[in-house]
Amino acid sequence: MKTCPNCGELVPIKTKHCPHCGQILGGSSKSTQNWFKALTPTEIFLLILGSIMLAVFLVAL
Ligand SMILES: [Zn+2]
């Protein structure tokens, strides 16, 4: 058994998806998940705010 990095539940070692949260375990998508997880809630908020501002700016043109 190993623990799911997303929800912390115990999952079978050979499983590719966490049965609890659907997290893909191992494989190439892991690094893609990690960069997003490394962001703080403030940084995520600023990213969303930035994209909204950009969308408003593009519409205003
Ligand atoms: Zn999980």
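In which strand is Val11 placed? Val11 belongs to strand β2, which covers residues 10–11. The model in which this residue is described is a predicted one.

**Overall architecture**

The chain contains two helices and two strands. Read from the N terminus, these elements follow the order β-β-α-α. Of the 61 residues in the chain, 3% are buried. Among contacts with a separation of 6 or more, residues 24 or more positions apart contribute 0%.

**Confidence**

The mean pLDDT of the chain is 83, and 82% of the residues score at least 70. Confidence is lowest in helix α1 (residues 29–38), where the mean is 60, and highest in α2, where the mean is 94.

**The N-terminal part**

UniProt, in an unreviewed entry, lists residues 1–23 as "domain: Putative zinc-ribbon". In the model, this span is 17% strand and 0% helix, and its end C-alpha atoms are 15 Å apart.

Val11 is buried, because 20 other C-beta atoms lie within 10 Å and the cut-off for a buried residue is 20 or more. Beyond its neighbours within four places in sequence, Val11 makes contact with Met1, Lys2, Cys4, Cys18, Pro19 and Leu25.

Thr15 is located in the loop between β2 and α1. Thr15 has 13 C-beta neighbours inside 10 Å and therefore counts as partly exposed, since a residue is exposed at 12 or fewer and buried at 20 or more. Thr15 and Gly26 are 11 residues apart along the chain, and 9.4 Å separates their C-alpha atoms.

**Helix α2 and the annotated transmembrane region**

Helix α2 comprises the 20 residues 41–60. Helix α2 is hardly covered: the number of buried residues among its 20 is zero.

An unreviewed UniProt entry places the feature "transmembrane region" at residues 44–60. In the model, those residues are 100% helix and 0% strand, with end C-alpha atoms 24 Å apart.

The two annotated spans are set out below.

| Span | UniProt feature (unreviewed entry) | Helix | Strand | Distance between end C-alpha atoms |
|---|---|---|---|---|
| Residues 1–23 | "domain: Putative zinc-ribbon" | 0% helix | 17% strand | 15 Å |
| Residues 44–60 | "transmembrane region" | 100% helix | 0% strand | 24 Å |

Terms used:
Residues are numbered from 1 along each chain as its sequence is written. This is a predicted model: local features need pLDDT of at least 70, side-chain atom pairs count only at pLDDT 80 or more; totals for chains, interfaces and linings use all residues. Helices (H or I, at least four residues) and strands (E, at least two) are DSSP runs, numbered from the N terminus. The expected span of a helix is 1.5 Å times one less than its number of residues. UniProt positions are given in the numbering used here, feature names are shortened, and annotations may be inferred rather than shown by experiment. pLDDT is the predictor's confidence in each residue, from 0 to 100. Two residues are in contact if their C-beta atoms, placed from the backbone, lie within 7 Å.
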